[in-house]
Amino acid sequence: MPILKTTGLLLLACAFAVPAAHAESPLTEARVMATFGQIETAVRAKDVSGVVRHFAPDAIIRLVMPPAAGGQTLELSVADYARMLQDGWAMAADSTYAVENIVIEISADGRSAEVSDTTVESMKVQGRTISSRTQERFSVESRSGSPVITRLTGEVQM
């Protein structure tokens, strides 16, 4: 009988411990800033995998291009976005990248966040300098204990 009682207590303890073990760590401004700092470092190093590893596999990426670049709206998968970054960086002989005006809004339950910023980029392609400012808005969720981007919307201005 003591074995059954011990087993019962063990199962009861596991029932309470398992949900706690799988609970997501709440997002904080510091954790989100650290993630975006890693992305900025990856962009400066032209490390595509270092950028996209912070995106959920099912993330939605939407870029509104200016009239000078065709005026279209691009709906990209993470793989498409990675190819676009790779192709763009391969063409650029020289580039600069800066992030300005970062605003982070954490939800009351700490499960998600909205981040907005402005990126300022410049690159030299075939002897010509191309500059842009992009107003970005990110949706971030806590998944497997880490901040993960689930949506990026960017409005590019040239």
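## Reading the sheet and its helices

Guide: Let's start at one pairing: strand S1 (residues 55–64) and S2 run antiparallel, joined by 4 bridges. This is a predicted model, where local features need pLDDT of at least 70, side-chain atom pairs count only at pLDDT 80 or more, and totals for chains, interfaces and linings use all residues. Residues are numbered from 1 along each chain as its sequence is written, and side-chain values use heavy atoms, with hydrogens and water left out.

Visitor: What counts as a strand, and when do two of them pair?

Guide: Strands (E, at least two residues) and helices (H or I, at least four) are DSSP runs, numbered from the N terminus. Two strands pair if DSSP finds at least two bridges between them. In general, strands of a sheet pair through backbone hydrogen bonds, either parallel or antiparallel. Here, Ile61 has Leu76 in S2 as its bridge partner.

Visitor: In what order do the 6 strands of the open sheet come?

Guide: The order is S2-S1-S6-S5-S4-S3, with mixed pairing. S2 and strand S3 (94–106) are the edge strands, each pairing on one side only. From one strand to the next, the twist averages 15°.

Visitor: How many bridges join strand S5 to strand S6?

Guide: There are 11, between S5 (residues 128–143) and S6 (residues 146–157), which run antiparallel. Ser139 stands opposite Arg151 in S6.

Visitor: Which strands does helix H4 touch?

Guide: Contact means heavy atoms within 4.5 Å. Helix H4 (residues 78–91) packs on the sheet, touching S1, S2, S4 and S6. For directions, axes are lines fitted to C-alpha atoms, for helices over the stretch in contact, and angles run from 0 to 180 degrees between N-to-C directions. H4 makes about 60° with S1.
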